[in-house]
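Subject: Structure for you to look at

Hello,

Please find the structure below.

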Amino acid sequence: KDKRYGDIIGACGLMQELFRKIRKVAPTTVSVMITGETGTGKELIARELHRNSDRSEGPFVVVNCGAIPDNLLESELFGHVRGAFTGAVATKEGRFQLANGGTLFLDEIGEMPVELQVKLLRALQERVVQKVGAVKAESIDIRVVAATNRDLDKEIEAGNFREDLFYRLNVVGLHLPPLRDRGEDLMLIARFLLQAATEEYDVAARDFSPQAAIAMKRYEWPGNIRQLENRIKKAAIMADQTQLSAEDLGLSEEELAPVKPLADAKEEFQRSYINQILARNNGNRTKTAQDLAVDPRTVFRHLEKEAL
């Protein structure tokens, strides 16, 4: 199996499945919503969707909805005419117009204010945009790919995100798993990033010590690949040895996820499994004990422990 897809590295099952979906969806014009934690590489996925579509010759335009102040976002997206507001000294094209014939990537779509979501929905439904202060609308031909690290279902419930816009953008959803769920991909990516850092900065570091590899696998990587890249760059520049240590990478024992003793892990699994089967049987303990092939007293004992 191929460990790379364009600029994306991934050998684990979750990523191979994601590559399969990208291959399917890239040639179409459907809207795609990419979800995943910060630093997982959502923009890379958007670029691959563009590169493998029949719009690949057209522009790929990025808008980070979280980085542009709310009052400027509408003019950033749709453009404005001269004199539309103070400071609008010339007519300016928006990112929608700039992306015509190509792909518009709306990053951090969850940050977009609700009143602008209405205008975005209209633009997508009617395939027209109107510059701020303009009288007539212009038609556009773009494919929209959006991304977010927020839980949009929760945002919809809280009234921060429009459900109709969500369905319009999320025709196909692609989820990028966090680095900690990607198994051996961690070291694959780390070695690739180290090689890149070595070439860029001409440093001594060539590999990771066995202890560093263990520490890296135990660390949760809340900032994902972006955090991994920053740590590796810094370590490669500062270290004198050819092998980077856990200390070089700033991974101290306190930061690492503790390894659970086997007895605790067993206990935890057993508890959640019994609860799962109990729930399926609507709390019927006798039926649960039958299904699990255990003495009913085992289930009773478990429930008593739960109640403590």
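How many nonpolar, polar and charged residues does the lining of the largest pocket have? By class, there are nine nonpolar, four polar and eight charged residues in that lining. Here Ala, Val, Leu, Ile, Met, Phe, Trp, Tyr, Cys and Pro count as nonpolar, Asp, Glu, Lys and Arg as charged, and the others, Gly among them, as polar.

Before the rest, some ground rules. This is a predicted model, in which local features need pLDDT of at least 70 and side-chain atom pairs count only at pLDDT 80 or more, while totals for chains, interfaces and linings use all residues. Residues are numbered from 1 along each chain as its sequence is written, and side-chain values use heavy atoms, with hydrogens and water left out.

The pocket

The largest pocket holds about 540 Å³ of space. Its lining is made up of 21 residues, and those closest to its centre are Thr40, Gly41, Leu44, Ile225 and Glu229. Two or more lining residues come from each of strand S2 (8–9), helix H2 (42–51), helix H8 (185–201) and helix H10 (224–238). H2 gives the most, with four residues. A pocket is an open set of points on a 1 Å grid over the protein atoms alone, where a 1.4 Å probe fits, with protein on both sides within 12 Å along at least five of seven lines; lining residues have an atom within 4 Å of a point. Helices (H or I, at least four residues) and strands (E, at least two) are DSSP runs, numbered from the N terminus.

Axes are lines fitted to C-alpha atoms, for helices over the stretch in contact, and angles run from 0 to 180 degrees between N-to-C directions. Residues in contact (heavy atoms within 4.5 Å) include Leu186 and Ile189 in H8, and Ile225 and Leu228 in H10. By class, this contact has twelve nonpolar, no polar and three charged residues.

Helix H11 (residues 262–280) and helix H12 (residues 285–292) have axes that come within 9 Å and cross at roughly 120°. H11 is therefore oblique to H12. Tyr273, Ile274, Ile277 and Leu278 in H11 meet Arg285, Thr288, Asp291 and Leu292 in H12.

Helix H3 (residues 70–78) packs against helix H5 (residues 114–126) at about 10°, with the axes 11 Å apart. H3 is therefore roughly parallel to H5.

Regards

Definitions and conventions:
Points joined across faces, edges and corners; volume = space filled by probe spheres on them. Parallel < 35°, antiparallel > 145°, perpendicular 65-115°, else oblique.
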